[in-house]
Amino acid sequence: GTTINSQTSAYSLVASDAGKTISITTGGVTVPNATIASGSIITIYNNSGSSQTITQGSGLTLQWAGQSSSTTGNRTLGLYGICSILFVTTSNAVISGAGLT
């Protein structure tokens with residue numbers, strides 16, 4: 001199982017979010033640099049009928065998994081989409097999921 005951290009406005013991930021699911025309804029989620037420990041996984045669930053932006057924090061590389069070429073940067077999580085972020089290092093993460101563009 002997982003613990004749900006429900007958010008109703010813009011949210012920036014914190015170290016204690018490791019292993020949790022962030023349920024966001026508005027404002028999007030920022031993935032900061034040098035905050036989340038290596039090996040941590042955080043799931044984000046868009047609990048709304050509108051898209052949410054997942055913002056790559058300054059200094060962080062947020063790699064989109066499974067693309068034909070290296071794709072980094074902000075991502076959009078579609079309505080009721082779900083994605084996971086694996087922190088390979090504190091400044092290098094990989095994101096994948098359903099409804100992610």
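Mentor: A polar contact is a pair of N or O atoms within 3.5 Å; within protein, one has to be able to donate a hydrogen and the other to accept it, and sequence-adjacent residues count only if both atoms are side-chain atoms. Keep in mind that this is a predicted model: local features need pLDDT of at least 70, side-chain atom pairs count only at pLDDT 80 or more, and totals for chains, interfaces and linings use all residues. Residues are numbered from 1 along each chain as its sequence is written, and side-chain values use heavy atoms, leaving out hydrogens and water.

Trainee: OK, which side chains does S48 join through polar contacts?

Mentor: The side chain of S48 pairs with that of N46 at 2.7 Å, and with that of Q52 at 3.3 Å.

Trainee: And where does S48 lie?

Mentor: Strands are DSSP runs of E, at least two residues, numbered from the N terminus. S48 is in the loop between strand 5 (41-46) and strand 6 (52-56).

Trainee: Is S48 buried or exposed?

Mentor: Buried means under 20% relative accessible area, exposed over 50%, partly exposed in between (1.4 Å probe, protein chains only). S48 has 8%, so it counts as buried.

Trainee: What does S48 touch, leaving out residues up to four places away in sequence?

Mentor: Contact means heavy atoms within 4.5 Å. On that basis S48 touches I24, T25, L79 and Y80.

Trainee: How about L86: where does it lie, and how accessible is L86?

Mentor: L86 is part of strand 8, and its relative accessibility of 37% is why it counts as partly exposed.

Technical notes: Helix = DSSP H or I, 4+ residues; strand = E, 2+ residues; numbered from the N terminus.
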